[in-house]
Structure formats: structure tokens, C-alpha cells
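Please consult the sequence and the structure alongside the text.

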Amino acid sequence: MQISERLKTVASFVTEGMRVADIGTDHAYVPIYLIKSGKIPSALAMDIGEGPLQRARDHILEQGLEKQIETRLSDGCSAFRKGEAESVVIAGLGGELMIQILKEGREVLSEVSEFILSPHSEIHKVRRFLMAQGFSILKETMLYEEGIYYTVIRAVYGTGDYQTEAELWYGKRMLEEQHPVLYDYLQKEYLIRRQIKEKLCRIQKESTQQRQKQIEAECVRIREALAYYDKKGI
């Protein structure tokens, strides 16, 4: 079974030997890949939609893994019971929804050892939530696939150390290691904002002043992030 590099990266963040709960599993590609690679003993594949869950069941049956992967219809982690898994995977959902799932499931998720998260939007809000709610981000990476940048995070319960806006928006761990894909992303984002700023300056209307200030603040934040890259920064 072929899966995307994004999902392979998500799977690579799971600790070997842990039972996995994949929330919002869709096709169940991640738990199937983990089981077939021998990395984990069992998994729960959970989704809010009956359609996606049936697709997951079909794929699990095709691979002969119905004894190792259980499927459950679940709104977030509502069908998850405390102690059923050590590793929770939530990938491909928006940041706000991911935060909601973690908030609502805090009690049943209290014995989970690690959280593998890959929000497709508002990643800075997810990091901010993790820092405020007693999580520590141990590992992050970014990859570029089919024209889209994806971020994957491994978090555990603990004391968080992400503080600055640049760290929250772009990931302290990646900035510290001078992650090359993040560097490309930052360069592109900076160029986009410079172009927007130049257009706004030519318009010279009162209605654009607030937007100009916002763009400048974003440029400052990106330059702060690029400063981690020594002499590579813009």
C-alpha cells in the first residue's frame, strides 16, 4: 500500500511499540502502515463520518488487519476510553478543530504518552494552546509535498518553552535546527508580504493603513525567525 510522504512522516513520529488511536482516520492509512511495518501492535481508527469509516474498514479488510485495527464512529475522541492507547494521532484537521478535540478529550486523554499532530491550518494557535495547557513540544518537522507545506508535531505532557511569536508561528525546534524546508517557507512568505506591502504603498489610501501595519508586523516576525539561520537570513 502506497501512502503519501506526509503520512509516512506522521507515522515516523509514533514511538515504536505503542498502541495508537488515530482520530479522524479517514482511510486508516496511518494505522495500516504502522501495523504492516511492525512498528506498533494494535490501533484504533476513529472518524466522525460513517463514509470515511467504511472506507477505513474496507482498507483494513483488504490488508487482513481487522484483528489488529478496530474502527469506531467517534466525534473527536468521544468514543475513546482512558488507557486504550499510548499514542494519539490527529492529522489533516484544521487547527481550531484539533484544539477543540484536545480540550473536550482532556480527561480521557490524560494517560496518553504522546500526541502526533499535523494541523493543516492555524498551526500557531495549536502551538499556543499546547503551551498554555501543559504540553511540551519535543519534535517538529516540515515537508513540502504537491505544492503544500505540512508541519508534524510530537507533543507530550510537560512544561512548554515556546515563548516568542516567531517560535509559536514557525516552531522553536525547527528554528533551532535551522530546518531547510522551513527556511524555504519563510523566504517565500517574506517575499509575498514584501510584494503586498509595495502594492499597498502605491495605493496610499487611509483604508489600507491598518493592513500595512499588519503586513509590517508579519515581516518583523519572519525576520525574527530567519535570524535563527545565522547568515542565511534576509
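Which residues do ring pairs link into a cluster? The cluster consists of Phe115, Phe129, Phe135 and Tyr157. The model is predicted, so local features need pLDDT of at least 70 and side-chain atom pairs count only at pLDDT 80 or more, while totals for chains, interfaces and linings use all residues. Residues are numbered from 1 along each chain as its sequence is written, and side-chain values use heavy atoms, with hydrogens and water left out.

**Aromatic pairs**

Rings of Phe, Tyr and Trp (its six-membered ring) pair if their centres lie within 6.5 Å; planes under 30 degrees apart count as stacked, over 60 as edge-to-face and the rest as tilted. Eight such pairs are found in a search of the whole structure. Two of them are tabulated here.

| Pair | Centre to centre | Angle between planes | Class |
|---|---|---|---|
| Phe115 and Tyr157 | 5.5 Å | 80 degrees | edge-to-face |
| Tyr149 and Tyr185 | 5.1 Å | 70 degrees | edge-to-face |

Phe115 belongs to strand E5 (residues 114-118) and Tyr157 to strand E7 (residues 148-157), so that this pair links distant parts of the chain, 42 residues apart. Helices (H or I, at least four residues) and strands (E, at least two) are DSSP runs, numbered from the N terminus. Because Tyr149 lies in strand E7 and Tyr185 in helix H8, their pair ties together parts that are 36 residues apart in sequence.

Relative accessible area is classed as buried under 20%, exposed over 50% and partly exposed in between (1.4 Å probe, protein chains only). Phe115, at 2%, is therefore buried, whereas Tyr157 is partly exposed at 27%. Tyr185 is likewise partly exposed, at 22%.

**Charges over rings**

A charge sits over a ring if NZ of Lys or CZ of Arg is within 6 Å of the ring centre and within 35 degrees of the ring normal. The charged end of Lys139 is placed over the ring of Phe13, 4.4 Å from its centre. Lys188 lies over the face of Tyr144, with 4.8 Å to the ring centre.

Lys172 lies in H7 (residues 172-176) and is buried, because its relative accessibility is 14%. Beyond its neighbours within four places in sequence, Lys172 is in contact (heavy atoms within 4.5 Å) with Glu140, Asp161, Tyr162 and Glu167.
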